[in-house]
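Trainee: Before we discuss the ligand site and the sheet, may I see the sequence and the structure?

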Amino acid sequence: MKPNVILYKKIPDDQLARLQSHFNLTFFDGINDTNQADFISALKEADGIIGASCPITTRYLDAAKKLKAASTISVGVDQFSIPEMTERGIYLMHTPGVLTETTADTIFTLILTTARRAVEMAEMVKAGQWTKSIGPEFYGSDVNGKTIGILGMGRIGYAVAKRAAAGFGMSVIYYNDSVNEMAERDFNARRCDLDTLLSDADFVCVVLPLSPETEKFIGKEQLHKMKRSAFLIIGSRGKIVDEQSLIDALQEGVIRGAGLDVFEKEPLPVTSPLLSLPNVVALPHIGSATHETRHAMVVCAVDNLIAALDGDISQNCINPTAGCAARKV
Ligand code: 8YV
């Protein structure tokens with residue numbers, strides 16, 4: 001008998017066909033108030049689940065007595081409680097690697113557009129307001145030769161450092177639990193404490209994963225330690241920065257601007273003050289959103305689930321020790 005799997009996100013046909021050939025598949029187009037009861041009832045028989053962008057709560061896990069593996073189509077695993085999954089003996093699989101370069105491209109897009117005021121200027125041109133040669137009131141800030149401070153020097157941090165050092169001649173400083181020897185060797189990156197990073201960087205770039213330890217890691221106190229001429233770039237998860245403190249800092253001129261791909265609440269409410277600030281570039285969480293990369297992420301997540309349900313968790317498993325946990329039934 002094929003294992004029972006729930007897919008809770010639309011995926012391309014070729015990968016849907018792969019799932020169907022391996023599993024007895026039930027599909028949900030996201031999890032919402034209208035289909036939640038059906039989702040819970042399908043969970044009772046599920047061996048595996050695969051999807052993204054929906055929190056997998058304790059209530060769901062309580063129903064999922066047979067669940068062996070969850071495969072998220074993302075590198076971030078903040079939709080899950082890792083300790084809870086481990087304790088219940090459920091493997092959590094994710095998709096690192098395949099989205100690194102694309103996400104670093106998005107982060108650099110934010111660095112360049114905020115510093116050079118590209119979105120604001122483009123809107124001015126489209127509105128027919130480019131009537132004379134622009135003066136100092138519209139000048140931006142240089143990116144080349146500046147200092148970038150990267151919070152979180154993992155794969156994506158390294159890829160951002162590569163662009164910064166090799167492409168833009170920037171000095172790289174970083175804050176990370178451990179030394180990243182490759183970044184130090186390849187880009188002369190220097191590890192420092194948080195206060196030094198905040199006070200020295202012209203671009204403070206947040207690529208830390210969201211976890212209980214990093215939630216609201218950057219608040220008023222940290223923003224006030226940044227240079228008034230500096231930019232804050234957030235590329236991983238919005239909840240790492242206290243959004244109200246950021247809004248205050250931008251409104252009061254504590255920092256010069258912010259480039260944001262992620263927010264405390266997504267989609268960003270239309271009433272958010274961030275939307276009326278000219279010194280903010282806001283993107284709709286497009287970090288990995290290219291045709292090529294999103295497809296590669298689905299392929300990776302499908303591979304991960306097939307392997308995990310076959311007992312192979314050698315690649316991309318967040319909690320390999322889940323196998324040691326006594327199964328609660
Ligand atoms: C996706 C992401 O937007 O991989 C991640 O952690 O944030 C993004 O690439 C998202 O999880 C939906 O697939």
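Trainee: How far is an oxygen atom of the ligand from a polar backbone atom of Ile73?

Mentor: This is a predicted model, in which local features need pLDDT of at least 70 and side-chain atom pairs count only at pLDDT 80 or more, while totals for chains, interfaces and linings use all residues. Residues are numbered from 1 along each chain as its sequence is written, and side-chain values use heavy atoms, with hydrogens and water left out. A polar contact is a pair of N or O atoms within 3.5 Å. For the backbone of Ile73 and the ligand oxygen, the distance is 3.0 Å.

Trainee: Which residue has a side-chain N or O atom 2.5 Å from an oxygen atom of the ligand?

Mentor: Arg294 places a polar side-chain atom 3.0 Å from a ligand oxygen. The distance of 2.5 Å belongs to the side chain of Ser288.

Trainee: What share of the ligand's accessible area does the protein cover?

Mentor: Accessible areas come from the Shrake-Rupley method with a 1.4 Å probe. On its own, the ligand has 330 Å² of such area. The protein covers 90%.

Trainee: Which strands stand at the edges of the sheet?

Mentor: Strands are DSSP runs of E with at least two residues, numbered from the N terminus, and two strands pair if DSSP finds at least two bridges between them. The open sheet has 7 strands with parallel pairing, in the order β8-β7-β6-β9-β10-β11-β12. Each edge strand has a single partner, so one side of each is left without a neighbour in the sheet; these are β8 (190-191) and β12 (280-282).

Trainee: Which residue in β12 stands opposite Gly259?

Mentor: Strand β11 (residues 257-260) runs parallel to β12 and is joined to it by 3 bridges. Opposite Gly259 stands Val281.

Key
Polar contact = N/O pair within 3.5 Å; in protein donor to acceptor, adjacent residues only side chain to side chain. Helix = DSSP H or I, 4+ residues; strand = E, 2+ residues; numbered from the N terminus.
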